Amino acid sequence: MRNGSIPGTRGRVRPLTLLGSPVLHEPCGDVSDFGPELATLVEDLFATMYAYEGVGLAANQVGVPLRVFVYDCPDDEEVRHLGHVVNPRLVEADGVVLRGPEGCLSLPGLEAGTERHDHAVVEGFTVTGEPVTIHGTGFFARCLQHETDHLEGKVYADRLTGWRRRKLMRQAARTSWGSGR
């Protein structure tokens with residue numbers, strides 16, 4: 001992305017991959033080519049995230065099994081965090097564990113109380129291959145953990161147990177996109 005450009009304005013909105021799709025349940029591969037195709041993917045991820053009114057989006061949520069995600073997410077103090085990470089690794093998740101409402105563009109219209117740490121640190125690279133470290137607290141820490149989970153082949157439903165998981169799976173089965181699962 002060029003300096004000063006608005007992320008996603010040159011991207012195209014891609015179809016979302018929904019719960020049950022195999023690409024959401026397998027670990028993604030590392031990016032090795034930091035060329036124009038990666039830049040296009042990042043632009044498309046931003047365009048898709050904005051079109052579906054999300055705060056984060058991982059590449060496998062548009063069917064691309066690569067370790068890339070974008071975000072435009074506030075923290076608990078309403079500070080906006082905007083960016084992307086290529087080949088991210090969650091290097092810290094600590095602090096207080098809080099259960100809070102969590103949704104996902106791959107489970108549209110649903111949410112469930114999910115436990116996450118209130119502090120997270122992700123290390124990775126920019127689209128041009130520069131190293132980057134992102135620190136998040138509160139809701140933004142939840143977002144960082146959620147998106148890195150996607151790249152490991154997990155959705156937030158995988159973190160649920162007992163009645164919370166059963167309730168979410170029943171709700172998913174009753175949706176137009178999840179019927180027949």
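Two strands count as paired if DSSP finds at least two bridges between them. Strands here are DSSP runs of E with at least two residues, while helices are runs of H or I with at least four, and both are numbered from the N terminus. By that rule, strand S1 (residues 56-58) pairs with S2 in an antiparallel way, through 3 bridges. The model is a predicted one, where local features need pLDDT of at least 70, side-chain atom pairs count only at pLDDT 80 or more, and totals for chains, interfaces and linings use all residues. Residue numbers start from 1 along each chain as its sequence is written, and side-chain values use heavy atoms, with hydrogens and water left out.

Val-70 is a handy place to look at S2. Across from Val-70 in S2 sits Leu-57, and in S3 Val-70 has His-84 as its bridge partner. Strand S2 (residues 68-74) and strand S3 (residues 80-103) run antiparallel and are joined by 7 bridges. Pro-74 faces Arg-80 in S3. The hairpin of S2 and S3 has 5 residues between the strands, and in it Glu-78 takes a positive phi near 65 degrees.

As for cover, 6 of the 7 residues of S2 are buried, so S2 is largely enclosed by the rest of the structure. Buried means under 20% relative accessible area, exposed over 50%, and partly exposed in between (1.4 Å probe, protein chains only).

The pairing carries on past S3: S3 and strand S4 (residues 111-125) are antiparallel too, with 13 bridges. One of these contacts links Val-97 to His-117 in S4.

Over in helix H3 (residues 162-173) lies Arg-170, which counts as partly exposed because its relative accessibility is 47%.
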